[in-house]
Number of protein chains: 2
Amino acid sequence: MQQTPELIRSELTSLARRAREASLFLSRLSAGEKNAALTAMAGALRKHTAAILSENTRDLAAGKENGLSDAMLDRLALSEERIEAMAKGIEKLVALPDPIGKSEGWQHENGMKISRVRVPLGVIGIVYEARPNVTSDAAALCFKSANAVVLRGGKEALNSNAAIVATLRGALKERALPEDAVSLIESTDREYTKTLLTLTGEIDAVIPRGGAGLIRAVRDLSRVPVIETGAGNCHLYVHSDADLSVAEDVLVNAKVSRPSVCNAVEHLLVHKDAAKAFLPRALSAMNAYGVTVRGCEKTRAVLPEIASVTEDDFSTEYNDLVLSVKVVDSLDEATRHINAFGTRHSETIITKSLFASAEFGAKIDAACIYTNASSRFTDGEEFGFGAEIGISTQKLHARGPMGLNELTTVKYLISGDGQTRGTPPKK
Amino acid sequence: MQQTPELIRSELTSLARRAREASLFLSRLSAGEKNAALTAMAGALRKHTAAILSENTRDLAAGKENGLSDAMLDRLALSEERIEAMAKGIEKLVALPDPIGKSEGWQHENGMKISRVRVPLGVIGIVYEARPNVTSDAAALCFKSANAVVLRGGKEALNSNAAIVATLRGALKERALPEDAVSLIESTDREYTKTLLTLTGEIDAVIPRGGAGLIRAVRDLSRVPVIETGAGNCHLYVHSDADLSVAEDVLVNAKVSRPSVCNAVEHLLVHKDAAKAFLPRALSAMNAYGVTVRGCEKTRAVLPEIASVTEDDFSTEYNDLVLSVKVVDSLDEATRHINAFGTRHSETIITKSLFASAEFGAKIDAACIYTNASSRFTDGEEFGFGAEIGISTQKLHARGPMGLNELTTVKYLISGDGQTRGTPPKK
């Protein structure tokens, strides 16, 4: 049955308000209480593995019927190992420091005490695609940071997500904690997503997790604050003085170690003075890993056997074993190209020069800028944050890998004994 | 002449790109160079006072003709004193610490050095209403934080704003700094604002400054990240054990010292046990300052002479000498009422109880929460930030008074000697 927009709004508003009550409750829990609940949530996932797998089987069968690609089915598929990994992922959060309640304070000259205290955002919406492990990951990260979460997963994974959420809610209920800390929108009607994104004042932030299309749609429809994540059209620039062995190692790693992810390199820029020496070497390394290479005209002057790039190539995040190559005249041309076509995610220079490294770092507008290392390290765990809810490619609130701290905000508590500011005389 | 949407988009895109070049230039200036430019900007305002006043006179004449209210005309009006205050406001920024370039670093276990460096947001759009002093304030704050600014002021102040911006740009040009660090949209066509708000990737953040209507419109139209500022439907809650003399002083100050601003109190909540003692005292204090008082039925049982509130009162930010009063049964009722009707700006409790103060602080969802002090202190300078671009009422990025630091973001610089992450074997 199709719901009317009014009914959907009222249903989601009520869900968001229950979530807010739950978040208020969570915000006053101690770290120990939250950690005990996380341990219980992980235990419940293990205990209910069979039930979750059985729901996942239904999703997989429907997916096959609806012609999902093998890659999509693989993302959708759960197994005992994958559920164990989800449980371990939750348990890992127990050891991380609690971001809530940290404070710093100072005193106004009039004697008032001002203190800035870290508090949860409140109610977070997560809009994501087919991977059911995002359900438990996001729920646990939000829980540890005392946020309530409203999950909106892909319709392909609905039964799996519902089983996971029911399991987590059950674990909360058993510990007399508010189940509404974790909610799932169970309708597949797209109107629910649209409505969720307009619940200003009820939803404090929305985080989309998925492909560029999903992220753009969420950003464009949303009237609640959005943290954009993920799109990564990343470049590797080989400067004229580069150590070509480092250049080759880093290129291979950044291109082939996991080509489908956002921190993989998509485009190689080579300084004209390094082109003759490096391009044949790069092509042979790419060939060894089955990477298709396309090049600009100057690249093809050195490597006539490869196909031409089109202008579209430069703005394409292949997420695949494809690499475009462009020869540039200068570091300045490289940084301009990257700022024009990049998505401000992770950009790399290979150089021996401190000046070139500093120039690249200053001119490139991106979350993460590497010198002589692989952009594949852009990751919350690699950066030492312990966990990651996503990689922000925007500049407000959070930039780069986002850990627990990025799921919080602050509140000022001011305490005095009657301080006032410029009361005028009576009329 | 009306421009087509395509021409407007192309004009603003080109303006934003020139602004980005300028911001890149600013981001590499030293604090000393920026401070010298700020001093020059202040000097130029003083030097061109006559020219600015003459353009302001044109705006005032047009405003009178178009029937602007006296309050609006007062906001629009400049004078030698007001221009001097603008110049002093710019000079004050010189003494503030430069937020750009601060860094903290650590080392990955593989030896890579990771450093998080504070950088400007880039290009900031400011959409505001009639006060021309916002033009120089916002331009100077953005400049000090190495951001380029695209200003979109109210049409009533167009000539004044254009004269101020020309003066500031002139000062930059004289010092061989990029004029495009400060730009003004000079058309009064509303399509320009709409288009500005859709320039994703060209504008890094938009800050609306003005009334609730402007802020809502910007938030709802924008596809670029917005920092919401300003709306303040603030409450003062007098707990059962309150010191009534503190309650009276703080109420008077928060209501009457500047009723048109966002941190003024609009609504008084009184615990039922304090109602009989406090309400007559509050009414008499309000009467002494010409404040109109409206009350709920329980309030009117004590103060039968006042008018009834309507449900609309509770969600109204009067910005005027009006106060609504409601008697509540408990602290819990007070916090629920405030969370339901407040705008998460500044909320106050008057109490002697540590427990009541802590409960209020934990349950209220607002940027600033006061115990026994006036909410009029919610202000960047009062909080010790030295300057203020606005007061954020959202939770992402910045909350409460926003100073220079809130106009920045971070960038990670990672440096290694060829580190890679899990390269697979060749195919």
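Two strands pair if DSSP finds at least two bridges between them. With that in hand, look at β5(B), where Val182(B) is the bridge partner of Val149(B). Helices (H or I, at least four residues) and strands (E, at least two) are DSSP runs, numbered from the N terminus. This is a predicted model: local features need pLDDT of at least 70, side-chain atom pairs count only at pLDDT 80 or more, and totals for chains, interfaces and linings use all residues. Residues are numbered from 1 along each chain as its sequence is written, while chains are lettered from A and ligands numbered from 1 in the order in which they are written.

**A sheet in chain B**
- Four strands make an open sheet in the order β5-β4-β3-β6 (chain B), and the pairing is parallel.
- At the edges sit β5 (182-184) and β6 (205-209) of chain B, each pairing on one side only.
- Strand β4 (residues 148-152) of chain B joins β5(B) through three bridges, in the parallel sense.
- Helix α1 (residues 5-27) of chain B packs on this sheet and touches β3 (123-128), β4 and β5 of chain B; here, contact means C-beta atoms, placed from the backbone, within 7 Å.
- Helix α9 (residues 212-221) of chain B also packs on the sheet, touching β3 and β6 of chain B.

**Two helices in chain A**
- The axes of helix α2 (residues 31-47) and helix α5 (residues 80-94) of chain A come within 9 Å and cross at roughly 175 degrees; axes are lines fitted to C-alpha atoms, for helices over the stretch in contact, and angles run from 0 to 180 degrees between N-to-C directions.
- That makes α2(A) roughly antiparallel to α5(A) (angles over 145 degrees count as such).

**How the chains meet**
- Chain A puts 68 residues into the contact, and chain B puts in 68 residues.
- On the side of chain A that touches chain B, β16(A) gives the most, with eleven residues.
- β16(A) also pairs with strand β13 (residues 368-373) of chain B, in the parallel sense over five bridges.
- Within that pairing, Tyr370(B) of β13(B) is the bridge partner of Ile414(A).

Notes
Two residues are in contact if their C-beta atoms, placed from the backbone, lie within 7 Å. Angles under 35 degrees count as roughly parallel, over 145 as roughly antiparallel, 65 to 115 as roughly perpendicular and the rest as oblique.
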